[in-house]
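Please look through the sequence and the structure shown below before reading on.

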Amino acid sequence: MKTTLEVQNLCKSYEDSNVLNDINLKVNEGEFLAIMGQSGSGKSTLLYSISGMDRPTSGKVMLYGKDISEVDDDKMSSIRLNKMGFVFQHSYLLKNLSIRDNIVLPGFKARTKSREEINRNADRLLAKTGIEGVANHDIKKVSGGQLQRAAICRALINQPDILFCDEPTGALNSSTSKEVMDIINTVNSEGTTVIMVTHSAKVASRADRVIFLMDGKIHDELILGKYNGEERRTSERVQKLSEWLEKQGF
Ligand SMILES: Nc1ncnc2c1ncn2[C@@H]1O[C@H](COP(=O)(O)OP(=O)(O)O)[C@@H](O)[C@H]1O
Ligand SMILES: [Mg+2]
């Protein structure tokens with residue numbers, strides 16, 4: 001199995017506090033990994049340090065075997081734009097653009113695909129996430145769930161190898177969360193590697209594997225295997241994960 005991302009001896013500190021301390025982690029191609037832990041345990045810091053949004057204090061981050069922890073800022077921006085997609089708790093869409101324009105913008109920024117191809121890709125993503133009907137709407141005229149779907153489309157416009165998500169359902173109600181997670185599972189089943197931070201057991205139960213951060217380290221991991229949407233199996237996964245989380249003191 002191919003390794004998409006490998007983290008070696010990663011440490012991250014801010015001034016006098018060590019947030020991450022000697023993290024080692026391998027993420028396989030097509031895997032869906034969830035990162036859990038108490039608030040303040042360093043989940044976002046880990047996500048940002050491995051995705052080039054922030055720099056580790058020490059250690060290596062290898063993307064398909066190439067060390068990206070010390071590439072210059074321009075190269076890192078280009079890697080982020082072309083190889084990685086990002087979804088956060090809030091959509092951070094640009095206010096003066098339509099849903100569709102927000103989605104295609106990173107496509108044009110990357111300058112690796114023709115206008116036609118970017119537009120075709122946007123149409124496909126809009127249809128897949130069920131927001132084609134609001135494509136030309138102002139972002140103030142759509143619901144929170146639709147905004148988050150648009151943020152997912154924007155993250156996928158350059159067909160990234162990895163989708164990084166930080167609490168993607170943190171601002172959504174439970175039915176909208178489910179819809180967003182169904183989309184993320186579909187994207188993963190089509191081959192995109194997903195690395196997601198969440199504090200929700202239900203949301204994390206969609207992942208193949210869950211790691212638990214504590215005291216700046218990976219305290220434990222739980223293998224769940226591929227999610228298939230089957231109702232009975234889904235509640236078993238949530239149950240298994242909840243019991244495991246309880247053992248972690250969560
Ligand atoms: N830019 C920063 N400067 C200083 N401390 C930070 C910064 N970002 C995060 N921290 C600290 O690092 C710790 C982990 O934060 P974070 O990764 O956001 O946790 P989580 O996402 O698990 O809630 C916290 O104690 C937080 O205060
Ligand atoms: Mg966080």
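Helix H5 passes helix H6 in a right-handed crossing, where a crossing counts as right-handed if the near helix is turned clockwise from the far one by less than a right angle, and as left-handed if anticlockwise. This is a predicted model, in which local features need pLDDT of at least 70 and side-chain atom pairs count only at pLDDT 80 or more, while totals for chains, interfaces and linings use all residues. Residues are numbered from 1 along each chain as its sequence is written, chains are lettered from A and ligands numbered from 1 in the order in which they are written, and side-chain values use heavy atoms, with hydrogens and water left out. Helices (H or I, at least four residues) and strands (E, at least two) are DSSP runs numbered from the N terminus.

**The annotated span**

- An unreviewed UniProt entry carries the annotation "domain: ABC transporter" for residues 5–240, and such annotations may be inferred rather than shown by experiment.

**Helix pairs**

- The axes of H5 (residues 144–156) and H6 (residues 174–189) come within 10 Å and cross at roughly 15 degrees, where axes are lines fitted to C-alpha atoms, for helices over the stretch in contact, and angles run from 0 to 180 degrees between N-to-C directions.
- That angle makes H5 roughly parallel to H6, since angles under 35 degrees count as roughly parallel, over 145 as roughly antiparallel, 65 to 115 as roughly perpendicular and the rest as oblique.
- Gly145, Gln148, Arg149, Ile152 and Leu156 of H5 meet Thr176, Glu179, Val180, Ile183, Ile184 and Val187 of H6, with contact meaning heavy atoms within 4.5 Å.
- The contact of H5 with H6 contains six nonpolar, three polar and two charged residues, where Ala, Val, Leu, Ile, Met, Phe, Trp, Tyr, Cys and Pro count as nonpolar, Asp, Glu, Lys and Arg as charged, and the others, Gly among them, as polar.
- Helix H3 (residues 99–110) and helix H4 (residues 115–128) pack at an angle of about 135 degrees with their axes 10 Å apart, and H3 and H4 are therefore oblique to each other.
- H3 passes H4 in a right-handed crossing, and the residues making the contact include Ile103 and Phe108 of H3 and Ile118 and Leu126 of H4.
- In the contact of H3 with H4, seven residues are nonpolar, two are polar and three are charged.

**The six-stranded sheet**

- Six strands form an open sheet in the order E6-E7-E8-E3-E9-E10, with mixed pairing, and two strands pair if DSSP finds at least two bridges between them.
- The edge strands, each pairing on one side only, are E6 (84–87) and E10 (217–223), and the twist from one strand to the next averages 20 degrees.
- Strands E3 (residues 32–37) and E8 (residues 193–197) pair in the parallel sense over four bridges, with Ala34 opposite Met196 in E8.
- Helix H2 (residues 73–83) lies across E6 and strand E7 (162–166), running at about 75 degrees to E6.

**Antiparallel strands**

- Strand E1 (residues 3–14) runs antiparallel to strand E4 (residues 58–63), to which five bridges join it, and Val7 has Val61 in E4 as its bridge partner.
- E4 and E5 form a hairpin with two residues between them, and Tyr64 in the turn has a positive phi of about 45 degrees.
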